[in-house]
Amino acid sequence: SPVVIDDVLLNGTTLDIPAAEEFIHQSMAIIIEDAVKKATDVREKVCEWRSPDQLKELLDLELRDGGESDSKILQRCRDAIRYSVKTTHPRFFNQLYAGMEPYSMVASFIAEALKPSLYTYEIAPVFTLIEDAVLRKMMELIGWEEGGDGIFNAGGSMSNMYAMNLARYNHSPDIKEFGLSAAPRLVMFTSQEVGLISVGKMILSALENKIKAAKSEGAFPFMVNATAGTTVLGAFDPIEEIADICEKHNLWLHVDACWGGAALMSKKHKHLLKGIHRANSVAWNPHKMLMACLQCCAFLVRDKTSLQLCHSSGASYLFQQDKFYDISYDTGDKSLQCSRKADAFKFWLMWKALGSSQLEERVDRALAMARYLAEEIKKREGFRLLMEPEFSNVCFWYIPPSLKNLPDGPDHCNVSSVILQVAPVIKERMMKTGSMMVGYQPHGDKPNFFRMIVISPQVSKQDMDFVLDEIHRLGKD
Ligand code: ABU
């Protein structure tokens, strides 16, 4: 039958620029008022808590055949902001990120408006060069004098997966062509904080013993993951000594510095990562302590060719070899993703605006604030510090007056198991009043404790005092 094409569909629709402009202006006004000014105002709530069922009803989530008016859509924008957690609020201490970073936010907006994808230079010339410049500067801070390679990607776990891929490829390159059947039984080692073969906080003798034991069982150790700033305790593995062991046994050393990498900006605190220049690869997330907008995650590798060799598949629809420009700038063939956002731009623009000196101050300030909080905890009745903070994670129990005479528990953290119930109850109360957000968790043999993460320079010691007063207020009955 003859092909029939509806002529109306061939006319195209013109974007109504004045209407789009008006809509964008109005939504920007809402963003500035509600998602920037109100969201960072200490007098406002950190969250307006609703249960999933209440929220489903409030948001009217169903997608229908007909579209809605702009005024209705603007109301939907207001509602989305209203019921979201304000992670930029000065009383948000729940995650490994916090605080408002206006330069980075503007960079996000620009990147979203332009919709680049960083697989080829032809699609993202500016952002490709910016990514390259940011990666080079990060490598300089790590101490790789000869440079290296790297890629911004979709998250710290993704960076760690990149590291495992590269380490595995380095050990058994045939894997790329023949799959896992081409590999012997490979074993990697990491600290207890992140599971797998447990060696505590990377106890060096235990690490070496476990490597030898794995070899004697016929397995092939290929990688050690050292952590610089663990998620819960903020602990740092001894990288220099681990590097010695890795060199001795010819193992790939990856440093997960997603959280602690920020200390490299600080003359005072960079000793925490002593030896990181000996790592084969590093994961470092500037969206954490350095406050770039989410997400902003760099994977860096000392060897200049591994990323390309391990991942390249040479898709001919993107990476034509006969292009008219220098195709070494087509970074997508090194990546596991295809589309990739201009995340480095969010870091670059704020770095340009603040300079390294203000980033350094940001780190120093956060660690000083964490130290202040830890000292306050030691002074206050009912509060008990879990350990001296190494970084800006401050972990502690609160023991309400009603429980203070309970006998100590059998574990060495010296708290009764009744304490397990305290943090979840206080957390529920803080969420429902919206006064602040602080995380809690059990960890190993330690029952539920609070984990305060101090990041933003927009918080003061008054905010630290408020947190302790508020925990006491919410938990004292
Ligand atoms: N990448 C782990 C972050 C988890 C947290 O914010 O606690």
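The shell around the ligand has 1 nonpolar, 3 polar and no charged residues. The model is a predicted one.

User: Which residues are around the ligand?
Analyst: By class, this shell holds 3 polar residues and 1 nonpolar residue, and no charged ones. The residues around the ligand are Gln95, Leu96, Gly156 and Thr231.

User: What is the radius of gyration of the protein chain, and what would a compact globule have?
Analyst: Along its principal axes, the C-alpha trace of the protein chain spans about 85 × 60 × 50 Å. A compact globule with 477 residues would have a radius of gyration near 23 Å, and the value for the protein chain agrees with this. The protein chain has 25 Å.

User: Which share of the contacts in the protein chain with a separation of 6 or more joins residues 24 or more positions apart?
Analyst: Of the 477 residues of the protein chain, 41% count as buried. Among contacts with a separation of 6 or more, the share that joins residues 24 or more positions apart is 70%.

User: Where is Lys288, and is Lys288 buried or exposed?
Analyst: UniProt, in an unreviewed entry, lists Lys288 for "modified residue: N6-(pyridoxal phosphate)lysine". Lys288 lies in the loop between strand E7 (281–284) and strand E8 (297–301). Because 26 other C-beta atoms lie within 10 Å, Lys288 is buried.

User: Which residues does Lys288 touch, not counting those up to four places away in sequence?
Analyst: One of the residues touched by Lys288 is Leu96, and Leu96 is also among the residues around the ligand. With sequence neighbours up to four places away left out, Lys288 touches Leu96, Tyr97, Cys258, Trp259 and Ala262.

User: Where is there a cis peptide bond involving Gln295?
Analyst: Most peptide bonds are trans. Gln295 is found in the loop between E7 and E8. With omega near -15°, the cis bond is the one from Leu294 to Gln295.

User: Which members of the largest nonpolar core touch the most other members?
Analyst: This core has 120 residues. Its largest share, 16 residues, comes from helix H11 (residues 343–379). Leu253, one of the members asked for, touches residues including Val224, Ala226 and Ile242. The members that touch the most others are Phe93, Leu253, Leu300 and Val454.

User: What is phi of Asp60, and is Asp60 buried or exposed?
Analyst: Most residues other than glycine have a negative phi. Asp60, in the loop between helix H2 (52–59) and helix H3 (70–82), has a positive phi near 50°. Because Asp60 has 11 C-beta neighbours inside 10 Å, Asp60 counts as exposed.

User: Where is Asn250, and what is its phi?
Analyst: Asn250 is exposed, with 10 other C-beta atoms within 10 Å. Its place is in the loop between helix H9 (239–249) and strand E6 (252–256). Asn250 has a positive phi, near 60°.

User: How many Å apart in space are Lys37 and His89, C-alpha to C-alpha?
Analyst: Lys37 lies in helix H1 (residues 17–38) and is exposed, with 12 other C-beta atoms within 10 Å. In sequence, Lys37 and His89 are 52 residues apart. In space, their C-alpha to C-alpha distance is 9.7 Å.

Notes:
Residues numbered from 1 in each chain as written. Predicted model: local features only at pLDDT ≥ 70, side-chain atom pairs only at ≥ 80, totals over all residues. Near = placed C-beta within 6 Å. Nonpolar A, V, L, I, M, F, W, Y, C, P; charged D, E, K, R; others polar. Rg over C-alpha atoms; globule rule 2.2 N^0.38 Å. Buried ≥ 20, exposed ≤ 12 C-beta atoms within 10 Å, placed from the backbone. Contact = placed C-beta atoms within 7 Å. UniProt positions renumbered as here; feature names shortened; annotations may be inferred. Helix = DSSP H or I, 4+ residues; strand = E, 2+ residues; numbered from the N terminus. Core = buried A, V, L, I, M, F, W, Y, C linked by C-beta atoms within 7 Å.
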